[in-house]
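Take a look at the two chains and where they meet. Then turn to a pair of backbone angles.

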Amino acid sequence: MARFIRWQGMVAFFILSVLIVGLFYLFAESLVKAAIVTSAESAFGAEVNVADVELSYSPLQISVLGLQVTDKDMPTHNVFSFERATAGVDVWQYLFGKIIVDELTVSQLAFAGVRAKTGDVYQKSESKDKKDSLSDKAKAMLPAIDRQLPDVNTVLNDSNLLTVKASNQLKDSYDIEQEKIKALQAKIPDKTKLAAYQTQVKALGKMKVNSLADIEKIKAAFEEIKTEFKADQALVNQAKQQVAETKNLLTEQVNDLKAAPTKDWQHIKQKYQLESIETEDFAHIIFGEKARDYVEKARWAYDAISPMMANMNNDDSVVVEEKSHAKGRFIFFKEAQPLPSVLIKKALFSVQLGQNAITVTGSELTHQHWLRGKDSLININSVDNGELKLTSNFNLTELGDFNGAGQWLVNNRALPDTELTKSKVLNLSLSTGQLDGKGNFTLKNSDIRASNHFSLEQASYQGTASSTVTKLLLDTVKSLESLTLDVGVNGPVTKPSLTMASSLNDALTGAVKEQLSAKLTDFKGKVNKGLNDKLSTALKLGDSQTAQLLDIEALLTDTDNALSDLQNSDIVKQQQQKLEDKLKDKAKDKLKGKLGDLFG
Amino acid sequence: MLTLLAKLLHALNSDSSIRQIALAIALGFIVGLSPLFTLHNIAIIFFVLLIRVHLGSFILAVGFFSGLSYLLSPAIVSVGESLLTQPALAIFFTSLYQFDWFKLAHWHHTYVLGALVLGVALCVPIYFTSKLIIEKYRVHIMTFFQKFRIVKALKASKFYSLYSRFSGESSFTKGGL
């Protein structure tokens with residue numbers, strides 16, 4: 001036995017084990033700290049600072065103290081920071097490959113705080129341009145309503161007007177079509193030629209017939225004339241077809257012309273932004289930018305969270321990582337009391353937002369809700385400045401569908417100085433105000449549906465305006481002590497559509513409309529009159545053209561009928577009949593003579 | 001501390017036959033392929049320390065095959081993945097999964113299981129191949145290793161002089177390190 005076994009090995013194993021455990025115990029906190037800093041810097045692309053890490057082993061609890069994550073877009077600020085985060089980890093489950101956190105508490109979580117020292121940036125942000133363009137887009141929503149109304153004659157002399165184009169086109173088409181018809185008209189038989197044909201046919205009818213040879217002669221002559229009729233009739237039909245085509249073309253163009261003034265007015269309204277004055281969507285103008293800013297923040301959060309959720313969800317289905325170094329994954333099988341691979345049973349965050357402390361509580365935070373059949377719950381509460389409450393729940397199904405819903409409520413919340421809109425013509429900010437509001441939202445996969453109602457009381461505004469209309473707008477807003485705003489958010493989270501309705505619209509509609517309506521109505525009347533004049537002039541031309549066409553059509557029909565009559569003339573039959581009658585008379589006379597001789 | 005370790009190594013290296021070196025390489029292969037701190041690795045290390053195998057070769061083999069496992073990781077994961085997701089084996093693994101030792105050993109991890117299966121399957125051919133190579137080329141290999149700068153550096157180190165004092169020059173070179 002001693003030949004194969006070395007008992008000293010057991011001592012070595014024991015010493016090695018003690019050494020490893022001892023080293024781990026001594027350096028665990030430093031190792032965990034280094035791991036947190038490295039992985040967070042890789043994830044956020046900027047410097048991450050951790051003041052200290054504390055580990056306690058019974059029960060296993062890890063505390064991270066003084067974490068700061070540099071904002072790579074603004075290195076003087078943090079994306080977020082917290083004073084202390086403590087997580088109690090289930091050791092046994094951790095050894096089995098699962099991260100089950102019984103309780104996670106994060107205190108003094110703050111966003112966008114100023115850093116004591118500018119942080120290093122390792123990855124440049126890609127979303128900056130996108131952000132700017134979205135912000136510009138929001139600002140572009142403020143129409144340049146200070147623009148002067150254009151001169152009516154300038155508008156009406158615009159060669160791009162559809163009315164002008166359509167009337168010119170109608171005139172040109174008529175000229176072309178008229179040339180075509182004239183060319184055909186020259187070829188078709190005129191009245192003189194028709195009279196000559198009639199004379200020729202009549203002459204055939206008056207010819208004396210004494211024998212069948214005479215009939216044949218008449219027939220040959222008539223056939224000869226008929227060939228001429230046919231040729232002429234073909235020309236008449238060709239002309240008739242041309243007239244029909246011309247009529248269709250001109251009818252179509254007249255219809256276009258009739259519709260042109262309406263289209264022109266729409267174009268003028270759009271070009272000179274008269275539309276925005278008429279729609280009176282002032283809520284969108286003033287609050288749209290701010291609302292979009294919040295939607296943008298929500299989208300940022302969604303963009304940050306959704307890949308993590310997707311990755312975690314795919315964790316159980318991805319087969320092999322296509323990388324030079326693969327790390328593998330845990331495969332979890334059915335068990336009596338299944339647990340998700342990552343689960344935070346309870347979470348408590350105390351968040352510092354400006355002067356307000358907000359408490360965020362969460363429970364059952366996981367990406368495998370179907371295993372325990374419980375939804376994740378996230379509640380937000382604050383009583384520092386009025387009341388703020390949000391309750392929400394969400395779950396992911398085994399098939400990967402995301403469902404979420406929530407309600408929120410705000411009561412008596414004093415709003416800080418907030419910039420509402422900033423553009424060349426209008427700067428507006430809310431100095432003070434008392435906000436009440438409530439709303440709800442549902443999320444299904446990446447589609448959001450939310451309705452929110454806000455009520456602002458005791459509001460005071462500040463701002464500058466540089467045009468008549470925006471001055472009026474500013475004065476009206478300043479005079480309002482209270483207003484309501486309803487915001488609807490619908491569609492994909494990445495690109496939702498916003499709908500807004502506000503009492504502000506009603507208040508501003510009257511004032512602005514009063515100011516603008518006289519000028520606008522006068523302008524509208526003049527432009528429409530000018531357009532209608534152009535239309536009627538063009539239509540008059542169209543009417544005379546139509547009358548001319550009708551005359552030509554009647555003439556062609558008459559010619560066609562006359563030619564048909566001549567062609568169908570029974571002149572040969574008549575002459576045949578005459579010959580038969582003559583022969584019958586002759587035979588009768590002969591018979592009478594013979595009978596007289598016989599009985600006479 | 002170094003004296004203690006050298007004494008220990010001398011005790012452990014006192015008998016280094018070809019079979020002991022080959023077995024050390026084969027076991028080093030299993031340990032090297034898997035992540036170091038897994039249950040089966042701890043058991044193998046205990047076994048290596050307990051039975052008379054050549055520790056130097058074992059440590060070298062672990063180092064070498066750990067590097068190799070980095071390159072082979074896609075294949076290792078692929079083996080583990082195909083075994084653990086094989087529908088025909090689902091009942092088998094589900095029944096094993098009910099035991100805590102199975103989960104503790106992380107055999108439900110694609111990398112760990114893949115490495116263990118590959119390690120166990122290939123350790124036998126590796127044992128015999130190593131044995132054959134050592135038998136035929138032992139002298140050449142020893143010469144080869146002694147040319148290494150690291151060996152020369154080790155020989156010049158305090159640790160080596162301590163080791164030599166306790167084991168004697170011949171036993172160290174005989175050990176193959």
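How many residues of chain B are in contact with chain A? Chain B puts 38 residues in contact with 37 residues of chain A, where contact means heavy atoms within 4.5 Å. This is a predicted model: local features need pLDDT of at least 70, side-chain atom pairs count only at pLDDT 80 or more, and totals for chains, interfaces and linings use all residues. Residues are numbered from 1 along each chain as its sequence is written, chains are lettered from A and ligands numbered from 1 in the order in which they are written, and side-chain values use heavy atoms, with hydrogens and water left out.

Start with area. The size of an interface is often given as the accessible area lost when the parts come together. Here about 3,300 Å² is buried between chain B and chain A. That is the accessible area (1.4 Å probe) that the two parts lose on being put together, summed over both. Carbon and sulfur atoms give 65% of the buried area. On the chain B side, B:Leu50, B:Arg52 and B:Tyr97 lose the most area to chain A. Together they account for 18% of what that side buries.

Now the polar part. Between chain B and chain A, 13 residue pairs are in polar contact, both residues at pLDDT 80 or more. A polar contact is a pair of N or O atoms within 3.5 Å; within protein, one must be able to donate a hydrogen and the other to accept it, and residues adjacent in sequence count only if both atoms are side-chain atoms. By class, the side of chain B that touches chain A has 24 nonpolar, nine polar and five charged residues. Ala, Val, Leu, Ile, Met, Phe, Trp, Tyr, Cys and Pro count as nonpolar, Asp, Glu, Lys and Arg as charged, and the others, Gly among them, as polar.

Next, the backbone of chain A. Most residues other than glycine have a negative phi. A:Gln108 has a positive phi, near 55 degrees. A:Gln108 lies in strand S4; strands (E, at least two residues) and helices (H or I, at least four) are DSSP runs, numbered from the N terminus. A:Ala112 also has a positive phi, about 55 degrees, although it is not a glycine. A:Ala112 sits in the loop between strand S4 (99–111) and helix H3 (128–140). Leaving aside neighbours within four places in sequence, A:Ala112 is in contact with A:His77, A:Asn78 and A:Val79.
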